[in-house]
Amino acid sequence: METFHFILANLPVIWQRTVEHIMLVSVAVAVAIVTGVTIGILITQSKVAADRVLYVAAVIMTIPSIALFGLLIPVLSLIGQGIGYLPAVIALILYAQLPIIRNTYTAIMNVDPGLREAARGMGMTVLQRLRIVELPIALPVIVNGIRNAVVLNIAIAAVATYIGAGGLGTFISRGISQTDIRQLITGALAVSLLAIVADFALLALQRFLTSPGLRD
Amino acid sequence: MIRLERLTKTFGTVTAVDHVDMDVPDGAVCVLLGPSGCGKTTTMKMINRLIPPTSGKIYLNGRDTAGVNEVELRRSIGYVIQQIGLFPNKTVEDNICVVPDLLGWDRKKSRARAADLLAMVNLEPATFLKRYPKELSGGQQQRVGVIRALAADPPVLLMDEPFGAIDPINREVIQDEFMKLQAELKKTIVFVSHDIDEAVKMASLIAIFRDGRLIQFDTPDMILANPIDSFVADFVGGDRTLKRLRLVKVADAMMSDPPRVTAEDSLDTAAAKMEEHGHISIVMVGPRGRARGMIRIEDAKTKKGLVGEHVEPLPGMIRVDNDLRNAVSMMFSHGATWLACVDDDGFYKGYVTQRGITRLLGANYRA
């Protein structure tokens, strides 16, 4: 009940923190899509490169987020950006790489070799083959990777408040430091709700982007 | 015309295709035939440079393809593969229009052509244009695969075991459909197969490969009649004579301009005609020349009267445009040693005998 009153009384602040949170994740995921999909496509050309890249991306995933934020502080301090928005975005981009790269790579590798052969035989260039055949067929799986990355980033972004990046994590960190259960629950609820909404929204997007010929 | 000159492909130390020379005239269906690993597929794929030749030349209508951009080259050659390779994310219509779209054709024109092509393979355009490949049966998919290769109206078609993945019954149907289409379109086709029956049925020329070499290149009938060595003989099969029956038309095996009688002739006339030709029976025709029945020599000699009073039914009639396989089959099923041959309107044109067929098929072996 107390929490409920707190939420009602602080709606404008909650909204502002939510927008911060969304902006943080959106920028990170947008960059991660560009880099991740590109890398995922490039490594389909070489098994060795693919193994290495996927290994590195998997290692990054295992670094605890708080440790990664810590690691970025001395590096980015060199350009005076040790804490705040920039290190948070960079860390989120790194975490989003693995699901996006892996799904892009797997989806393209799984395109039926007969389709690739037909595309080449009919006179498509490599880029046309990618645009007309491989990417449209891989798209549902790639969007699935993006969904994973977004949900993951929404959770990790909550920790970014410790390096001053704002967002919904602020309620959680203050809730802990001030032993204020209302703020803690508010933050946790908001982060969960945001993750669920984003997940469903992307699921809808995935369905929308999938060619009817590829739907089950 | 497609001309291959000393075409060679080596992979490391392995020679996959070894100095192949070949001329495929316009409008011919050339089937490349041989066991797996014989170089037939590699040879075909060098024509559209999916595999670059190690040495040798390929000319399409006199033009050396080495000087042509490979993407442009492929767009000017139809390509059909066994896996069909329809793009699952595109409708049937868009699949058919892939090459026209790559070539930048007007959309209206290419879509109209897609509908025409579907109709040509007996798929109702209104039903199928907007469907996706997964909504089609295997046979329907392969029909679309074939017309997709024809969409930009290329003069040359490459087909890599196109009907190999289709069940035997549907395969026959699609082969027949395709031959009908080809009779109309007269494309120059290079067709890879490992199925001698398919080759005999479809080919105007058969090229038999072994270990990367072209060992015999001739018409199906010549290959069946005169295999160049024991490998070819084994490959075409112990029943090659039976296979030839399919290739020879009744018209080519029959004795034409045969003696005949009418119902009003006397039996004496009939007997005289038979003796003159050394026959033991003679066909009776109607007033305008349609085959109606027959008279045996023993009846003609022992009985009196007119032919019309003693006529017996014919042992069997076959149309001149049928092949000898039908003729032999009819002889066996009717227990006959000869058949009367008639044209589409039933006019008597000649006769075929078992002995005549045997002699015809035997003559080529001795030649």
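Modeller: Gladly! Helices here are DSSP runs of at least four residues, numbered from the N terminus. Keep in mind that this is a predicted model. As a case, A:Ala157 lies in helix α7 of chain A.

Biologist: Is A:Ala157 buried or exposed?

Modeller: The idea is to count neighbours: a residue is buried if 20 or more other C-beta atoms lie within 10 Å of its own. A:Ala157 has 29 such atoms within 10 Å, so A:Ala157 is buried.

Biologist: Which residues is A:Ala157 in contact with, leaving aside neighbours within four places in sequence?

Modeller: Among them are A:His21, A:Leu24 and A:Val25, and also A:Ala88, A:Leu92, A:Gly167 and A:Gly169.

Biologist: Now the two chains. How many residues does each give to the contact?

Modeller: Chain A brings 18 residues and chain B brings 20 residues. On the side of chain A that touches chain B, α6 (113-121) and α7 (126-157) each give two or more residues. The most come from α6(A), with 6 residues. Sorted by class, that side of chain A holds 9 nonpolar, 7 polar and 2 charged residues.

Biologist: And how do I read a sheet? What is the order of the strands in the open sheet of chain B?

Modeller: In chain B, 6 strands run in the order β6-β7-β8-β3-β9-β10, with mixed pairing. At the edges stand β6 (77-81) and β10 (213-218) of chain B; each has a single partner strand, so one side of each lacks a neighbour in the sheet. Strand β9 (residues 205-210) of chain B pairs with β10(B) in the antiparallel sense over 5 bridges. There, B:Phe209 stands opposite B:Leu214 in β10(B).

Definitions and conventions. Residues numbered from 1 in each chain as written. Chains lettered and ligands numbered in written order. Predicted model: local features only at pLDDT ≥ 70, side-chain atom pairs only at ≥ 80, totals over all residues. Contact = placed C-beta atoms within 7 Å. Nonpolar A, V, L, I, M, F, W, Y, C, P; charged D, E, K, R; others polar. Buried ≥ 20, exposed ≤ 12 C-beta atoms within 10 Å, placed from the backbone. Pairing = 2+ DSSP bridges.
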